[in-house]
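Welcome! Have a look at it first, and then we will go through it topic by topic.

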Amino acid sequence: MKLFIDTADIDEIKEAYSLGIIDGITTNPSLIAKTGKNFESVINEICSIVDGPISVEALSKEYNDIIEEAHQLSKISKNIVIKIPITDQGLKAVKRLSQEDIPTNVTLIFSPAQALLAAKAGATYVSPFIGRLDDISHIGMDVVDQIITIYNNYDIQTEVIVASVRNPLHILDAALLGADIVTIPFRVIQQLTKHPLTDIGMERFLVDWEKVPKKKGG
Ligand code: G3P
């Protein structure tokens with residue numbers, strides 16, 4: 001399973017990349033707004049750090065405008081993936097961009113039927129938002145399960161990015177279902193390495209190591 005980081009924060013991206021386990025990045029308008037920086041400078045900086053797919057959202061609503069925006073964004077780097085919300089106009093744009101070999105990530109997916117349509121349009125990726133479904137008492141991971149079943153039934157190549165991740169269990173469940181990618185906030189990446197028994201175990205090893213006789217000056 002590929003791991004993406006879900007952020008536009010440059011320090012978080014640098015820190016996560018230094019771990020050597022991150023394969024790409026997803027951003028959205030809210031994450032970019034949180035940085036307080038100018039859009040172009042954030043994207044350019046991300047492109048200078050990240051070697052892998054970088055999802056950037058197109059904000060236009062009409063087909064022609066989405067295509068225009070996608071073309072502009074694609075010029076920034078070969079790694080840019082155009083994130084497009086699932087709407088009728090968005091689907092049409094995804095179809096056109098797939099014919100132009102411009103990668104797309106169809107976002108704000110909340111049902112398997114939406115994911116099927118996105119795949120039919122030629123989406124490179126779909127992003128079901130798990131946490132937001134959990135927030136309204138729907139089991140977000142059930143949607144991922146059904147999307148994967150449908151894609152397997154028809155040998156669909158669109159990759160599933162599990163998004164809107166809130167905790168390490170979401171990553172575990174995504175991996176058990178065989179999701180292609182999970183995009184993870186920095187805070188949750190940090191949680192993933194942690195286990196209280198690891199901390200206790202390290203502490204005990206250090207204490208015991210002090211009891212081991214050692215060569216003088218060694
Ligand atoms: O990148 C989109 C997604 O991961 C947003 O997550 O936490 O705002 O629901 P969240």
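A residue is called buried when its relative accessible area is under 20%, and exposed when that area is over 50%. Ile171 has a relative accessibility of 8%, so this residue counts as buried. Please keep in mind that the model is predicted. With that in hand, here is the chain as a whole, followed by some of its parts.

**The chain as a whole**

- The protein chain holds 11 helices and eight strands.
- Its C-alpha trace spans about 75 × 40 × 30 Å along the principal axes.
- Of the 218 residues in the protein chain, 43% are buried.
- Take the contacts between residues at least 6 apart in sequence: 55% of them join residues at least 24 apart.

- Val162 has Val182 in strand 8 as its bridge partner.
- To get from strand 7 to strand 8, the chain passes through helix 9 (residues 168-177), and this β-α-β crossover is right-handed.

**Helix 9 and Ile171**

- His170, Ile171 and Ala174 are buried in helix 9. Viewed down the helix axis, these buried residues fall within an arc of 100°, so they line one face of helix 9.
- Leu169 and Leu176, on the other side of helix 9, are exposed.
- What do the buried residues of helix 9 pack against? Their partners are helix 7, helix 8, strand 7, strand 8 and helix 10 (186-193).
- Ile171, whose place is in helix 9, is in contact with Met1, Val165, Val182, Ile184, Val188 and Leu192, leaving aside neighbours within four places in sequence.
- Ile171 and Lys2 are 169 residues apart in sequence, while their C-alpha atoms are 11 Å apart in space.

**Helix 4**

- Helix 4 (residues 63-76) has 14 residues and reaches 21 Å from its first C-alpha to its last, close to the 20 Å expected at 1.5 Å a residue.
- Tyr63, Ile66, Ile67, Ala70 and Leu73 are buried in helix 4. Seen down the axis, the buried residues of helix 4 fall within an arc of 130°, so they line one face of the helix.
- Asn64 and Lys75 are exposed on the other side of helix 4.
- The buried residues of helix 4 pack against two helices, helix 3 (39-49) and helix 5 (88-99), and against strand 3 (54-57) and strand 4 (80-85).

**The nonpolar cores**

- How many residues are in the largest nonpolar core? This core has 60 residues, and Ile46 and Val162 are those with the most contacts inside it.
- Helix 8 gives the largest share of this core, with six residues.
- Val162 touches Pro128, Ile130, Met141, Val144, Ala174, Ala179, Ile181, Val182 and Thr183, not counting residues up to four places away in sequence.
- There is also a second, separate core of five residues, which includes Phe4, Val81, Tyr125 and Ile181.

- In general, most residues other than glycine have a negative phi.
- Leu108 is not a glycine, yet it has a positive phi of about 60°. The place of Leu108 is in strand 5 (residues 104-109), and this residue is partly exposed, with a relative accessible area of 30%.
- Ser137 is not a glycine either, and its phi is positive at about 65°. Where does Ser137 lie? Ser137 is in the loop between helix 7 (130-135) and helix 8 (140-153).
- Is Ser137 buried or exposed? With a relative accessible area of 70%, Ser137 is exposed.

Terms used:
Residues are numbered from 1 along each chain as its sequence is written. This is a predicted model: local features need pLDDT of at least 70, side-chain atom pairs count only at pLDDT 80 or more; totals for chains, interfaces and linings use all residues. Side-chain values use heavy atoms; hydrogens and water are left out. Helices (H or I, at least four residues) and strands (E, at least two) are DSSP runs, numbered from the N terminus. The expected span of a helix is 1.5 Å times one less than its number of residues. Buried means under 20% relative accessible area, exposed over 50%, partly exposed in between (1.4 Å probe, protein chains only). The arc is that of the directions from the helix axis to the C-beta atoms. Contact means heavy atoms within 4.5 Å. Two strands pair if DSSP finds at least two bridges between them. A crossover is right-handed if, with the strands pointing away from the viewer, the path from the first strand over the helix to the second runs clockwise. A nonpolar core is a set of buried Ala, Val, Leu, Ile, Met, Phe, Trp, Tyr and Cys residues joined through side-chain atoms within 4.5 Å.
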